[in-house]
Amino acid sequence: EIRRLIKPPRNVPAPSPGRAVNRRLGPHKGEAGVAVNVQPGLGELEVASNDGQNVVVAANSGFSFSSNFGATYTFGGNTPCNQTICDGDPSLAVGNSGNFYYAWIGGPASTQLGDGISRSTNNGQTFTFRGMAATCPGATSCTLADQEHIAADRVNAGASGDRLYNVWRDFALSFSIRISCSADSGATWTAGTAIGAGDLPRVSVGGDGFVYVAWASGGNMMLHKFSNCDAGLAPQAGWPVTVSAFTNVACPVPGLDRCNGRNILSSPKVAVDDLDPQHIY
C-alpha cells in the first residue's frame with residue numbers, strides 16, 4: 001500500500017518563453033493549514049466546539065461562530081452580558097447537552113462585578129443569560145471576580161441539566177482563588193468556595209466527574225481536586241498538591257504590551273485524559 005501511494009516525481013517540462021504558468025503554491029482559504037480571519041478587536045480569546053463542525057471564538061471584542069469546521073466565521077455580537085456594567089475576560093465551555101456556555105465579567109456597578117453565564121442552544125449563534133456564577137461582594141466575601149475560567153462536564157449530566165464549574169481570582173489586595181458550580185445548566189450556582197492564595201485559576205473536568213483546579217502560587221504550580229457539583233463540590237482528602245516549581249516566561253516578548261503585567265504568561269492549565277481519568281496533565 002505504501003509503495004502504491006509513493007509516486008515518483010514527474011518530469012515537468014520547462015514553460016516556453018512568454019507563456020504564463022498558473023501554479024497553486026499552497027492551500028486556499030478554508031483548507032487545513034490556512035489562517036482565517038475571525039473578527040477584529042482586542043484579545044483574551046477562547047475557542048470551543050461541540051462537534052468539530054460548530055466552532056465559537058470569544059474575545060473581549062465579542063464572539064464569532066462557524067458552522068463549517070472553522071473555514072469561515074460570522075460575527076455574533078458583543079459580549080452577551082445583561083448587566084449595567086459589562087467587561088471581558090471571556091471563557092467558553094460545552095456541556096453534556098452539546099450546548100455552549102459563555103462566561104463574562106459584569107455587575108450592577110463598578111464596585112459590584114461578578115461572573116455571568118450565558119448559554120447557546122443553537123450551536124453558538126446566539127446566547128441568552130442564565131445566571132451569575134459569582135456575585136461580588138457576597139460570595140465568600142469576595143471583592144471582584146476577575147479572570148474567570150469555566151469548564152463543563154461533557155460526559156455526565158447534572159441533576160437538572162449540564163454541570164458547570166467557574167473559577168476566578170478575587171481581585172483584592174492579596175489575590176485568592178474561588179470556585180462555584182451549577183448542576184442545572186447555569187441557572188443557579190453555589191456560593192464561591194475559597195481554595196487558597198494564588199493567581200489565574202484554570203478548571204477541567206474528568207470523565208469520572210471529578211473537578212481539577214490549577215493555579216499559580218508564587219513560584220509553584222498548584223492543583224486541587226473536588227467532587228462533582230451534585231456531590232457537593234467537596235474538596236478531596238490529600239489535596240491540594242504542589243505539582244512542581246516553575247519560572248515565569250522572561251519579558252519582554254515582542255508584540256505583547258502586558259508581558260507579565262497583571263496577567264502572567266506562565267499560567268498553569270490542567271487537562272484530564274479522555275480515556276483514563278486517572279491520567280492528569
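Guide: A disulfide joins C181 to C229, S to S 2.1 Å. This is a predicted model, where local features need pLDDT of at least 70, side-chain atom pairs count only at pLDDT 80 or more, and totals for chains, interfaces and linings use all residues. Residues are numbered from 1 along each chain as its sequence is written, and side-chain values use heavy atoms, with hydrogens and water left out.

Visitor: What makes C181 and C229 a disulfide?

Guide: The cut-off is a pair of cysteine sulfur atoms within 2.5 Å. C181 and C229 are 2.1 Å apart, S to S. The torsion about their S-S bond is about 75°, so this disulfide is right-handed.

Visitor: How many disulfides does a search of the whole structure find?

Guide: It finds three. C136 and C142 form one of them, with sulfur atoms 2.0 Å apart. C81 and C86 form another, at 2.1 Å.

Visitor: Why is the disulfide of C81 and C86 called left-handed?

Guide: Because the torsion about its S-S bond is about -80°.

Visitor: Is C81 buried or exposed?

Guide: Buried means under 20% relative accessible area, exposed over 50%, partly exposed in between (1.4 Å probe, protein chains only). C81 has 17%, so C81 is buried. C86 has 39%, so C86 is partly exposed.

Visitor: Why does C136 count as buried?

Guide: Because its relative accessibility is 2%. C142 is at 3%, so C142 is buried too.

Visitor: Why does I2 count as exposed?

Guide: Because its relative accessibility is 63%.
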